[in-house]
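Please examine the following protein model together with its sequence.

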Amino acid sequence: MKVLFGGIFFAILTGMCYGSFAQTKSSVIQGKVLTEANSPAEAATVVLMLAADSAIIKSTLADKTGSYQLTNIKPGSYIILASQIGSAKVYAGPFSLVAGQIFGAPPITLKQTSTQLKDVTVIARRPYIQVKPGKIVLNVQNSILADGNSAYEVLRQSPGVHVGGDKESLSITGRQPALITIDGRATNLTGDDLNNLLRSMQSSTIDQIEIINSGSAKYDASGGGIINIVLKKGKNVGTNGTLTAGAGYGKYAKGRAGIVFNNRTTKVNVFGNYTFDDNKTTRIINTDRNISYHDTLSNYNVAYHNIQKTQNHNFKAGLDYSLSPGQSIGFLVGGIVTDSKFIKDNTLKISNQNKLDSIIISQSNLDRGSSFLNYNINYNAELDKSGKSLSADATYSTYSRHSNEFITNNFYTPGGSNYRDAQQLQNISPSGIHIWTFKADYVNPLTKTSRIEAGAKYNYAKSDNNLTFGPRVGNVYKADPDFSNRFLYVEKVSAGYINYINKVGKWDITAGLRAENTNSKGSSISSTRTTTSYNYFDLFPQTQVSYTYNPKNVFGISFNRGIHRPDYQDINPFLYYTDPYDYRSGNKNLKPEYTNTIQLSHTYNDTFITTLYYNQTNDAYDFPVYRQNDTTKVNITERKNFGHIYVYGISFYAPVQFTKWWSANFNLDASYIRYKAYPVNGSFNKASQDIIFNSTQTFAISSTIAAEITGRYESPTLYGVNQLKQSYAVNAGISKSIFNKRASIKINLNDVFNTDRDGNHAMYQNIDLSEYNKKETRIVRIGFSYRFGKTSVKSATKHNTGSDDEQRRTGN
């Protein structure tokens with residue numbers, strides 16, 4: 001608790017210091033950019049420069065009303081440059097600013113040029129991290145350390161994102177996993193399958209990542225926030241794109257190559273990307289389990305090592321066609337095809353009363369491959385000039401996996417001789433999932449400042465999982481009926497929502513309600529057929545209210561109720577084999593968990609954000625629970641609706657510009673978390689602090705050379721019945737722009753000191769278990785990228801397909 005309150009005090013003190021510093025030192029510039037027709041010049045570039053030497057200080061884009069705002073400006077004399085494609089550059093000023101001044105710049109009018117449009121050189125770029133109302137935006141292409149990394153690794157290093165648990169799930173607020181969307185569409189995958197998808201997605205295909213703390217009722221109900229990955233899509237008339245290639249080395253070599261392309265005309269836009277990734281990695285897991293039974297202390301020590309070689313093909317292709325100035329139709333197809341080979345070595349040493357009794361060495365080769373394909377058709381229409389709009393889309397997703405493992409167990413005495421014949425086992429577990437999603441959204445403006453949003457969604461998911469496990473007898477493998485099973489699962493979710501959005505003076509209000517009805521049925525087909533079904537109706541209210549006290553201070557409050565449904569694999573009532581004394585089990589009776597979240601926030605100068613939050617999760621299940629038989633010494637790891645989770649916390653985000661060439665951002669999240677079991681699960685009632693600190697330092701060494709360093713630390717904390725050890729890591733990188741800034745070379749080193757590892761200890765009922773988990777994390781990478789084609793103009797249409805949560809739950 002001392003560490004927690006120290007962290008909270010540090011966050012508040014830091015916020016006060018930065019706030020007081022900015023109040024006495026910085027100013028704000030506001031203004032508008034208009035066209036010759038006196039209409040807003042949306043997306044016009046506004047650059048602030050020193051009057052003395054024209055050095056660029058900041059840049060931004062004008063919004064839909066043509067308005068712009070430049071914050072955190074030091075006193076001095078400045079000029080403003082406004083530009084837009086097809087218009088001549090316009091300079092305004094010089095203007096003199098004094099400390100704390102809110103300066104209203106006169107409107108700037110752009111005049112069209114009569115000459116033919118030529119390629120434009122961008123003189124300022126977006127920062128890597130941007131703070132916007134209710135979210136943080138990561139401009140991935142402006143990060144050196146992101147190059148060559150996967151979407152998953154980028155998110156692990158992102159401010160406000162927490163990675164934890166045995167499934168390494170991503171969360172923003174508290175402990176409930178975040179809803180992961182790609183271009184606004186749910187992935188429909190969960191667990192390992194979702195992580196594999198993110199690991200196969202190279203950063204070169206990503207434009208932005210939006211970290212949204214509390215989404216509106218328009219989104220699938222989620223108590224853990226929303227992470228939206230925005231993929232690159234050409235914004236320029238003509239043909240353009242980016243070529244990438246890279247290589248890396250940790251303990252083994254890695255390679256990648258890819259292309260992002262776009263061809264746009266006035267009516268048609270064709271776009272796509274393809275990435276090939278060849279990766280070989282290693283992993284070590286050591287577990288130590290003590291069993292006290294009948295005055296005898298037994299120890300089961302496992303040393304597990306695997307080498308995994310994976311090849312990923314990640315692709316996307318699409319077409320947008322403009323039916324009329326206000327209507328468009330689009331087609332998308334995308335997916336990932338993965339092929340993995342595992343070589344596993346597992347050594348189990350069994351001791352009684354601290355004396356080695358026997359050794360079991362398990363070796364296996366696992367061939368696992370999967371394909372995830374997503375097909376979408378979408379329609380968008382502006383119904384009238386008042387802003388009424390309608391969008392609809394249909395998505396079909398299919399996921400298939402094969403997993404063929406053949407295991408050999410050898411049994412040895414302490415002296416090294418065999419005490420029984422070797423045992424050969426087969427572990428075959430194919431899986432197939434089909435998901436159909438239909439979605440429609442309608443927007444109706446009521447006044448200039450208010451509107452109603454409404455929509456409906458229907459989702460149908462069908463999962464077929466088969467497990468064949470058993471020994472080899474003679475020359476034939478036979479299925480063991482106690483372990484082999486087939487599980488069929490069907491789930492139908494019907495949803496509807498309504499949002500009211502309004503701006504009244506200094507108040508911004510969003511209030512919504514989402515209703516979901518779920519009907520599910522699971523059938524286990526084995527020697528005894530069993531069926532489990534659920535039918536439940538839920539309401540998910542959501543409210544966000546913000547108050548603009550003055551241009552520098554904005555206060556907000558939000559409430560959100562969310563649901564987290566189990567992964568499809570967690571529902572399968574299978575016993576998955578690890579070794580003769582260790583299994584993992586599914587739970588067909590697993591129910592969703594629900595989270596209520598309240599947040600209070602303060603944003604200063606559009607940069608410094610302080611947030612107080614509280615969330616409570618009921619029927620919490622998303623962590624491992626152990627069930628040990630002291631007689632047989634067998635341990636089964638499973639998920640169950642364990643109890644309640646209570647989280648109280650404060651987070652603070654601060655970007656700092658130390659000098660013209662050195663900038664940084666800091667993020668501190670300090671929380672107090674308590675797990676309380678239902679009586680049926682024992683008397684477990686424990687609490688712990690959880691402090692996460694990360695920082696990114698950026699150095700502009702010259703106009704073409706830049707460097708980055710990131711650091712992350714998490715204190716010891718609780719994760720269910722497991723006490724986690726502290727973790728920390730440092731990454732560094734450098735980049736060089738070449739070929740007139742159309743190309744770049746980047747070199748980065750992940751986990752410089754090789755400290756990124758996980759450790760935990762569980763004392764729960766009759767369980768005494770410790771674990772150490774180390775992946776290959778210290779990797780040096782070099783990457784090359786080249787942009788071809790034009791570099792400006794109109795942005796592409798953004799579509800939402802609405803199948804995000806279902807894709808999450810398949811686990812890709």
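Of the 812 residues in the protein, buried residues make up 50%; buried means under 20% relative accessible area, exposed means over 50%, and partly exposed lies in between, for a 1.4 Å probe and protein chains only. The model is predicted: local features need pLDDT of at least 70 and side-chain atom pairs count only at pLDDT 80 or more, whereas totals for chains, interfaces and linings use all residues. Residues are numbered from 1 along each chain as its sequence is written, and side-chain values use heavy atoms, with hydrogens and water left out.

**Overall make-up**

- The protein contains five helices and 48 strands; helices (H or I, at least four residues) and strands (E, at least two) are DSSP runs, numbered from the N terminus.
- The accessible surface of the protein comes to about 35,500 Å², and carbon and sulfur atoms account for 57% of this surface; the areas come from the Shrake-Rupley method with a 1.4 Å probe, and for residues only the protein chains shown count as cover.
- Among contacts between residues at least 6 apart in sequence, 68% join residues at least 24 apart; a contact means heavy atoms within 4.5 Å.

**Confidence of the prediction**

- The average pLDDT of the protein is 85, and 88% of the residues score at least 70; pLDDT is the predictor's confidence in each residue, from 0 to 100.
- Among the elements, helix H1 (residues 2–25) has the lowest mean pLDDT, 43, while strand S47 (residues 767–775) has the highest, 95.
- Residues 114–124 have a pLDDT below 50, and beyond near neighbours in sequence this stretch has 12 contacts in the model.
- Over residues 792–812 the pLDDT stays under 50, and the model has 142 contacts for them beyond four places in sequence.
- Where pLDDT is low, the predicted coordinates should not be read in detail.

**The open sheet with strands S2, S3, S5 and S6**

- Four strands form an open sheet in the order S3-S2-S5-S6, with antiparallel pairing; two strands pair if DSSP finds at least two bridges between them.
- Strand S3 (56–61) and strand S6 (90–97) stand at the edges with a single partner strand each, so one side of each is left without a neighbour in the sheet.
- Neighbouring strands of this sheet are turned by 20° against each other on average, direction ignored; axes are lines fitted to C-alpha atoms, for helices over the stretch in contact, and angles run from 0 to 180 degrees between N-to-C directions.
- Strand S2 (residues 45–50) and strand S5 (residues 76–83) run antiparallel and are joined by six bridges.
- Leucine 48 has isoleucine 80 in S5 as its bridge partner.

- Strand S21 (residues 327–352) and strand S22 (residues 355–382) run antiparallel, joined by 26 bridges.
- Asparagine 352 stands opposite lysine 355 in S22.
- Two residues lie between S21 and S22 in their hairpin, and glutamine 353 in the turn has a positive phi of about 55°.
- S22 is also joined to strand S23 (residues 389–412), by 24 antiparallel bridges.
- The hairpin of S22 and S23 has six residues between the strands, and glycine 387 takes a positive phi near 110° there.
- In S23, alanine 392 is the bridge partner of tyrosine 379.

**The open sheet with mixed pairing**

- Another open sheet of four strands has the order S32-S33-S37-S36, and its pairing is mixed.
- Its edge strands are S32 (575–579) and S36 (625–628), each of which pairs on one side only.
- The twist from one strand to the next averages 25°.
- S36 and strand S37 (residues 635–638) pair in the antiparallel sense over four bridges, and arginine 627 has isoleucine 636 in S37 as its bridge partner.

**Two asparagine residues**

- Asparagine 290 is found in strand S19 (residues 268–293) and counts as partly exposed because its relative accessibility is 23%.
- The side chain of asparagine 290 makes a polar contact with the side chain of asparagine 299 at 2.8 Å; a polar contact is a pair of N or O atoms within 3.5 Å, and within protein one must be able to donate a hydrogen and the other to accept it, while residues adjacent in sequence count only if both atoms are side-chain atoms.
- Asparagine 290 and asparagine 352 are 62 residues apart in sequence and 9.8 Å apart in space, C-alpha to C-alpha.
- Asparagine 306 lies in strand S20 (residues 296–324) and counts as buried because its relative accessibility is 7%.
- The side chain of asparagine 306 makes a polar contact with that of tyrosine 304 at 2.9 Å.
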